Amino acid sequence: MYVSDLQTGFYNELLRERVLVLVATDVDALAACRILQYLFHADNIRYTLVPIARKSDIAKAYREHGEGIAYVLLINCGATWDILEDSKPSSEDTVFFIADSHRPVDVYNIYNPAQVRLLMQPSEEEAVPTFDELFREDEHADSDSEDVSIEEIADKRRARRLWEERRNQLIFDYTQFSYYGTSSAVTMFDLCWKMSRGTNDVLWWAIIGLSDQYINEKMGHYRPFRPVHQRKN
């Protein structure tokens, strides 16, 4: 599920809690982490920081450090695959917050309102399929009912097959290309700005994260500072 308000839907929930922070080793992720550390130290938020070099490191880090942890924060990792399937948390109360510039975001992360919170916002260009286009209740249980005719069973199976074919095509169209979204460091800077905690150091870390995307040609055509610029004026 996408979080619309980073302060109330993300940061305020971490207050007085211990957080497991999993950080990818790219420059943008490290810059975003540095901004969060500034906030965590100011508010005395306890955290365990673990670097992530590859996908398998996430499940390993959660097994080794996740006991008793209610909140897990992933920076520039975890968005492009089903994080719950990969981590297999022992408690349904565990919440995974994800700030990741990699795209496309896995649909199971998008449509899980209970345990997955996405800190970035989707753009219109991403063309995320709707929930109804991807998920539906299984109708096979009705096939064994004595009140259902053979024709009705055949119609239901045909409708389901057509729905599955369309679903597979939508998922293929959505996931066939890999690309990048807004810098995670810029996302964390935006959080600081909304909390009136923007400093020159925080701005500098955001610039470093954004520069990493620019140098490595990960930016595309978006303008990540536009919302901040509009609020300033």
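This short talk walks through one predicted model, from its central strands out to its salt bridges and a surface patch.

First, the ground rules. Residues are numbered from 1 along each chain as its sequence is written, and side-chain values use heavy atoms, with hydrogens and water left out. As the model is predicted, local features need pLDDT of at least 70 and side-chain atom pairs count only at pLDDT 80 or more, while totals for chains, interfaces and linings use all residues.

Let's start with strand S4, residues 95-99. Helices (H or I, at least four residues) and strands (E, at least two) are DSSP runs, numbered from the N terminus. S4 is mostly covered: 5 of its 5 residues are buried. Buried means under 20% relative accessible area, exposed means over 50%, and partly exposed is in between, with a 1.4 Å probe and protein chains only. Which way do the S4 residues point? Val95, Phe97 and Ala99 point one way. Phe96 and Ile98 point the other way. In a regular strand the side chains alternate between the two faces of the sheet.

Now the partners of S4. Two strands pair if DSSP finds at least two bridges between them. S3 and S4 run parallel, joined by 5 bridges. S4 also pairs with strand S6, residues 116-118, in the parallel sense, over 3 bridges. On the S6 side, isoleucine 98 has leucine 118.

Stay with valine 72. It is found in strand S3, residues 71-75. Buried or exposed? Valine 72 is buried, at a relative accessible area of 0%. What does valine 72 touch, leaving aside its neighbours within four places in sequence? The list is Leu20, Leu22, Tyr62, Thr94, Val95, Phe96 and Phe97. Contact here means heavy atoms within 4.5 Å. Take phenylalanine 97: 25 residues along the chain from valine 72, yet their C-alpha atoms are separated by 6.0 Å.

Next, helix H3, residues 55-65. Asp57, Ile58, Ala59, Ala61 and Tyr62 are buried there. What covers them includes strand S1 (18-24), strand S2 (46-52), S3, H4 and S4. Serine 87 sits in that helix H4, residues 83-87. Serine 87 is buried, with a relative accessible area of 6%. Leaving aside neighbours within four places in sequence, serine 87 is in contact with Ile58, Tyr62 and Phe96.

On to the core. A nonpolar core is a set of buried Ala, Val, Leu, Ile, Met, Phe, Trp, Tyr and Cys residues joined through side-chain atoms within 4.5 Å. The largest one holds 60 residues. Which members touch the most others? They are Phe10, Leu22, Leu73, Leu74, Ile75, Ile83 and Leu119. The largest share of this core, 8 residues, comes from helix H2, residues 27-42. Beyond its neighbours within four places in sequence, leucine 119 has contacts including Val3, Leu6, Phe10, Leu73 and Phe97. In soluble globular proteins, nonpolar side chains tend to be buried together.

Now charges. Side chains of opposite charge can pair when their charged atoms come close. A salt bridge is a side-chain nitrogen of Lys or Arg within 4 Å of a carboxyl oxygen of Asp or Glu. By this rule there are 7. Here are some of them.

Arginine 117 pairs with glutamate 13, with closest N and O atoms 3.5 Å apart. Arginine 117 lies in strand S6 and glutamate 13 in helix H1, residues 6-14, so the pair ties together parts that are 104 residues apart in sequence. Arginine 117 counts as buried, at 14% relative accessibility. Glutamate 13 is partly exposed, at 26%.

Arginine 197 pairs with aspartate 43, at 2.7 Å between the closest N and O atoms. These two are 154 residues apart: arginine 197 is in the loop between helix H8 (184-194) and H9, aspartate 43 in the loop between H2 and S2. Both are partly exposed, arginine 197 at 24% and aspartate 43 at 23%.

Aspartate 190 and lysine 194 also meet in a salt bridge, 3.9 Å from N to O. Both lie in H8, 4 residues apart, about one turn of the helix. Aspartate 190 is buried, at 16%. Lysine 194 is partly exposed, at 36%.

Last stop: the surface. Isoleucine 207 is found in helix H9, residues 200-215. It is partly exposed, at a relative accessible area of 33%. With Leu203 and Trp204, Ile207 forms a nonpolar patch of about 280 Å² accessible area together. Patches are made of residues with over 30% relative accessible area and no salt bridge; like charges are joined within 9 Å, nonpolar side chains (Val, Leu, Ile, Met, Phe, Trp, Tyr) within 5 Å. Accessible areas come from the Shrake-Rupley method with a 1.4 Å probe, and for residues only the protein chains shown count as cover.
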